[in-house]
2 protein chains.
Amino acid sequence: MAQSVTDTQTRSEATAARIIAAARTLFVSGNYADVTTDMIAKAADVTKGGLYHHFASKEQLYVSMMLSDLEAKRLIFEQATAMEGSCRERLALLTRGFLELPDEDRELTRLVRRDINTFSGDERDQLVRAYQSALPEQVAAIVTDGINNGELAPGDARILSWSFIALVEVVIARYADHVFGSTEGRLDHVLDLFFEGAAAKPTGGTE
Amino acid sequence: MAQSVTDTQTRSEATAARIIAAARTLFVSGNYADVTTDMIAKAADVTKGGLYHHFASKEQLYVSMMLSDLEAKRLIFEQATAMEGSCRERLALLTRGFLELPDEDRELTRLVRRDINTFSGDERDQLVRAYQSALPEQVAAIVTDGINNGELAPGDARILSWSFIALVEVVIARYADHVFGSTEGRLDHVLDLFFEGAAAKPTGGTE
DNA sequence: CATAGCACCGACCGGTCAGTCGGTCGGTTG
DNA sequence: CAACCGACCGACTGACCGGTCGGTGCTATG
């Protein structure tokens with residue numbers, strides 16, 4: 001019956017999704033090498049044999065996990081890229097979307113950079129390409145528009161976008177250490193830093 | 001003879017130094033877990049037994065490597081912190097010192113953040129403490145002075161210094177990818193970004 | 001020449017972990 | 001009911017790796 005086929009498919013997919021979810025949580029909190037396939041299997045409530053029924057290797061599981069995550073995030077990013085408005089408004093929308101993600105989701109963005117050295121040629125390229133196109137290119141598109149319409153000073157769009165991303169990550173991480181600061185507070189802080197810099201402004205003329 | 005004792009000491013120290021140098025190169029290019037003690041020993045032209053004659057464990061070797069490196073860098077950093085001058089000038093001096101280091105030396109600064117999760121309580125604390133006091137605290141001291149003398153806008157000195165460090169790392173890494181740009185060019189780029197931001201300035205009035 | 005000490009050697013051990021494989025079980029099809 | 005299929009099981013293996021230990025040779029001193 002078609003119903004049963006669907007059920008079986010659903011079950012298989014559900015198991016694969018459970019494994020990916022378990023892998024996510026473990027990889028976020030531990031090093032790639034320190035997270036064993038046994039741990040992942042146990043956390044996903046399958047055996048190692050079951051895990052290897054769905055994924056060809058530990059590396060491929062990791063890559064699958066990353067790809068599915070990046071695919072999910074692409075929606076947020078494309079929304080901001082497509083939006084009409086100033087460069088600052090669009091970056092704000094993009095960053096707000098990012099900030100409102102759960103901690104684990106945001107951490108994944110850093111995982112790639114942390115674990116990228118672990119992988120050999122093939123998987124490495126896959127990861128880099130997927131990661132590059134997921135976030136940095138969206139930011140670069142917005143920044144390029146900003147340069148073209150005179151909102152940003154002329155310069156290399158890629159360097160600027162990486163600077164922006166780095167600022168977001170750093171400021172967010174530091175805000176996470178302390179407790180103070182709402183999402184909007186952090187957001188304005190990052191945007192101000194990026195657009196206006198850290199120097200004191202002679203706003204009042206109090207020289 | 002006193003000469004011979006010195007020779008022996010020198011020989012032992014030279015071997016230890018050779019091991020640390022080999023470990024540095026390998027750890028920079030590979031993950032902590034993927035660099036084996038056999039590889040390090042081979043690269044240092046000793047056997048594993050010889051390696052363990054000088055270092056109690058792989059982790060301790062890693063920590064020793066980091067400590068000796070940070071100690072060497074401290075000179076550069078303290079020079080800038082002690083210097084008289086504006087916040088910008090002092091940050092420039094500090095950053096120039098950093099930029100003029102060989103690639104491998106600069107990479108080490110990132111290693112700590114990459115590998116810190118690998119270590120357990122004791123070694124971890126050692127590393128964090130040494131690393132914190134080597135660079136970030138020097139930057140924070142300069143930034144705090146800048147806030148106090150009105151050169152920088154009021155704010156959290158720690159967040160600002162981390163932002164600065166992140167900018168330096170990102171801009172440097174991106175400049176390394178492309179070829180263009182002298183040391184001075186990068187330096188001004190980072191400083192301008194940090195102090196003035198990325199927004200276009202109405203300098204000429206060409207609206 | 002004898003004795004002692006230290007740098008270093010390299011075979012070996014215990015443990016860990018990715019990946020395998022023969023098998024079970026519940027559902028589906030003819 | 002029989003033949004089959006795919007999801008899943010779990011004990012096992014082979015490789016690798018951190019760390020050990022008994023030994024070797026070189027140098028220095030008496």
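Contact is taken here to mean heavy atoms within 4.5 Å. By that criterion, 33 residues from chain A and 33 residues from chain B take part in the contact. Of the interface residues of chain A, 100% are also interface residues in chain B, so the copies meet through the same surface. The model is predicted, with local features needing pLDDT of at least 70 and side-chain atom pairs counting only at pLDDT 80 or more, while totals for chains, interfaces and linings use all residues. Residues are numbered from 1 along each chain as its sequence is written, chains are lettered from A in the order in which they are written, and side-chain values use heavy atoms, leaving out hydrogens and water.

Between chain A and chain B, about 3000 Å² is buried, with carbon and sulfur atoms giving 63% (accessible area, 1.4 Å probe, lost on putting the two parts together and summed over both). Ile159(A), Arg174(A) and Ala198(A) supply 19% of the area that chain A buries against chain B, more than any other three residues. Across this interface the rule finds zero salt bridges (a side-chain nitrogen of Lys or Arg within 4 Å of a carboxyl oxygen of Asp or Glu).
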